[in-house]
Amino acid sequence: METREPVYLETHRRGLLQAKIDAASDILSRCTLCPRNCLADRHHGELGRCRTGDRPVVSSYAPHFGEEDPLVGSQGSGTIFFTHCNLYCLFCQNYEISHGGEGEEVSVEDLAAMMLYLQKRGCHNINFVTPSHQVYQILAALPLAIKGGLHLPLVYNTGGYDALGTLRLLDGVVDIYMPDFKFWDPQVAGDFCSAEDYPEIARQAVKEMHRQVGDLSTDANGVARRGLLVRHLVLPDGLAGTRGVMEFLAREISPRTYVNVMGQYRPCGRAGEHPTLRKFLTVLEHEQAQQLAREAGLTRLDRREKLFRWL
Ligand code: SF4
């Protein structure tokens with residue numbers, strides 16, 4: 001059971017936060033914040049693949065009750081949905097936000113105010129959704145939020161395409177990492193998000209995240225305080241490579257990794273262009289994926305997969 005304060009408070013007290021903000025700001029001048037390595041000068045109007053400059057761009061912020069139970073608790077997870085993405089899966093379920101750019105540019109003061117608003121609403125955490133390309137903005141807003149009394153753990157809710165150098169900047173800042181592990185096969189990753197290196201990048205990223213925060217730990221009410229949760233969206237016809245992902249998590253991360261084997265795939269975005277992605281996932285395919293997770297030795301599967309099977 002975990003009760004300690006979020007790590008960023010200690011990092012801030014020790015005066016280490018500003019160095020992280022400065023380092024992230026430097027990276028933005030020739031952006032290598034994520035593995036796309038665009039080299040865009042985001043401080044001076046150049047845009048890379050993520051089409052985001054140096055100000056936060058936010059689609060929405062609100063208490064959210066559709067996340068995993070340890071994040072939702074009784075009061076909800078305080079989600080802040082960032083606009084754009086560094087991955088751009090063609091079947092994205094938030095296509096208008098990621099590809100379409102739905103959202104508004106705001107200031108870091110606004111972003112800090114959003115965090116404090118969500119805390120005031122009683123949320124258990126601040127859940128940054130699709131944060132990989134806006135790490136600088138998060139870091140820059142954090143001291144303002146701390147000054148305003150922020151004391152909730154931060155959730156880094158990412159597609160899993162994260163650079164190691166950027167993750168190391170978040171060491172001592174993020175308490176809860178929730179990456180996707182989307183694809184095991186480089187060719188599938190290349191076809192669906194133009195990132196053949198995704199599987200290797202995601203393996204390295206998940207290892208680094210686990211090194212920083214360990215397995216998921218919760219408070220007396222079962223609410224997440226620190227640790228790693230991994231999401232895996234099962235795709236039709238085995239395209240996500242579920243067996244490889246589950247065996248990696250069990251053997252190279254921990255059999256106690258908290259994993260959500262997600263069965264809600266439906267064709268979105270440009271999925272209709274691909275003969276397999278055009279299909280819906282069947283109940284049998286989802287059951288088989290869950291079985292692969294259990295066979296791999298994973299012992300903490302998200303509760304809702306059981307509810308799904310009882311339907
Ligand atoms: S964060 Fe954006 S600009 Fe920077 S490397 Fe990634 S996609 Fe390119």
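These questions and answers concern a predicted model.

Q: Why is Gln187 called exposed?
A: The relative accessible area of Gln187 is 53%, and exposed means over 50%. Gln187 is therefore exposed. This residue lies in helix α8, residues 186-193. The C-alpha atoms of Gln187 and Asp162 are separated by 19 Å, and the two residues are 25 apart along the chain.

Q: How do you know that both faces of strand β6 are covered?
A: On one side of β6 (residues 176-179) stand Ile176 and Met178, and on the other Tyr177 and Pro179; all of them are buried. Side chains in a regular strand alternate between the two faces of the sheet. Buried means under 20% relative accessible area.

Q: What makes β5 and β6 a pair?
A: Two strands pair if there are at least two bridges between them. Strand β5 (residues 154-158) and β6 have four bridges, in the parallel sense, so they count as a pair. Asn157 has Met178 in β6 as its bridge partner. With helix α7 (residues 164-169), β5 and β6 make a right-handed β-α-β unit.

Q: Why do β6 and β8 count as paired?
A: β6 and strand β8 (residues 224-233) have two bridges, in the parallel sense. The requirement is at least two, so they pair. Ile176 stands opposite Gly227 in β8.

Q: What makes up the shell around the ligand?
A: The shell divides into five nonpolar, three polar and three charged residues. Among the residues surrounding the ligand are Cys31, Leu33, Arg36 and His133. The ligand takes up the space of the largest cavity.

Methods
Residues numbered from 1 in each chain as written. Predicted model: local features only at pLDDT ≥ 70, side-chain atom pairs only at ≥ 80, totals over all residues. Heavy atoms only, no water. Buried < 20%, exposed > 50% of the residue type's maximum accessible area, 1.4 Å probe, protein only. Right-handed = clockwise from strand over helix to strand, strands pointing away. Near = heavy atom within 4 Å. 1 Å grid on protein atoms, 1.4 Å probe; cavity = no way out; pocket = protein on both sides within 12 Å on 5 of 7 lines; lining within 4 Å. Sits in = over half its atoms within 2 Å of the grid points. Nonpolar A, V, L, I, M, F, W, Y, C, P; charged D, E, K, R; others polar.
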